[in-house]
Amino acid sequence: MSDTFCVLPWMHLATNASGNLRVCCNSTPGKNMILKEDGKPYKLWRDDIRDAWTSETYKEIRRQMLAGERPEMCQRCFREEDVGVKSARQSWNQKWREDRVYEAEPEMDIRYVDLRLGNLCNLRCRMCNPYASNQWVDEWKELTGQDLGESEFNRLKHMDWPEHEKTWDNLFSLVDSIDEIYLTGGEPTIIQQQHRLLDHCIERGLAKSIKLKYNTNLTNIPQRLVEKWSQFRTVQLNCSIDATGALDRYIRYPSNWSKIQENFERVRELDNSYVEIHCTVQMYNITRLHELIDWAEPYGHKIYFNILNHPECLNIRVLDSGLKNQVTQILAQYTHLERVQGVIDYMNAEDWSEHYDEFVRYTEVLDQSRDESGRDLLPELFK
């Protein structure tokens, strides 16, 4: 295979929270949609996924990957690989690639589905936006100055596209070949439409051959969902925890740290669950990352460090050189953990300090809106 090959465009289906089909969750927002001839994105809830599978967007990205080119939408993976960090592309290849001929126009055989059934959420994480959390809609104009307009405002407040029957016609047509379903959001544990998919898999007798994977903020673990999880092959729970105590609440506002710990203990005891801690590495936690590691290591679960790419002002490359040196020295004690050395190398690879003033403004606007103080919690960032 070429050095830029990624297996996903041959066996994967992904949506964003609006129901638009995209190449994958790691590709660049705004540049990663599967487009029709008129330039509009294919939608899971309106279009036939088989038409999307043979679209020019898919054909072109497959051709580029087979030719050793770097598709523009894939810069996040290549940016990490260029500094020695194992990227999502490399992990997916390791897991899914097979010894066969890959062509630009393959038969549709979907094994892995990345499904976001809307933007319904109960948190306003600082690195998020209204397209992934409906809780962000009211605050967005205050932060960005961008007026969404009445129609878009209402759409983002209540996304109803999963209620369209075409959504389920498309998904149900895939279940016989699916090996893994990845559900995120929004916050997937509170999105009710997922039960239609889970029930269909259970009723068809397919659940025992399907792995479920969730990204969850651990604020809500409904018993109804737990009972259905037990009927699937396994359930991987990627627990989104970015810090401990008050700092985790600050980043993942307005979560409750004691409730998160309680639910973390609960999911660890589920019979067929596999638990990972997923930490979004960003400006707000990079100087305290060691505190999260110290809390998590005794549990023995894998900690996956997901390096935030955007918004750029929250990327860890924005740190000044002095703080980068301090962080490098502290994290050097933890390089036995996977990706920690990669985080260090990524942070130090480029100087993005021109975004620092934007970071301060971004923080202060949200602090005022939420009656919080980043300067009190993270004084080292505001010297």
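**Labels and their criteria**

Modeller: Eight strands make up an open sheet of mixed pairing, in the order S2-S1-S3-S5-S6-S7-S9-S10. S2 and S10 (302-307) are at the edges with a single partner strand each, so one side of each has no neighbour in the sheet. This is a predicted model: local features need pLDDT of at least 70, side-chain atom pairs count only at pLDDT 80 or more, and totals for chains, interfaces and linings use all residues. Residues are numbered from 1 along each chain as its sequence is written, and side-chain values use heavy atoms, without hydrogens and water.

Biologist: What makes S7 and S9 a pair?

Modeller: Pairing takes at least two DSSP bridges between two strands. S7 (residues 234-240) and S9 (residues 273-281) are joined by six bridges and run parallel. Strands here are DSSP E runs of at least two residues, helices H or I runs of at least four, both numbered from the N terminus. Gln236, for one, has Tyr274 in S9 as its bridge partner.

Biologist: How do you know that the side chains of Ser27 and Asn32 make a polar contact?

Modeller: The term needs a pair of N or O atoms within 3.5 Å; within protein, one must be able to donate a hydrogen and the other to accept it, and residues adjacent in sequence count only if both atoms are side-chain atoms. The Ser27 and Asn32 side chains are joined at 2.9 Å.
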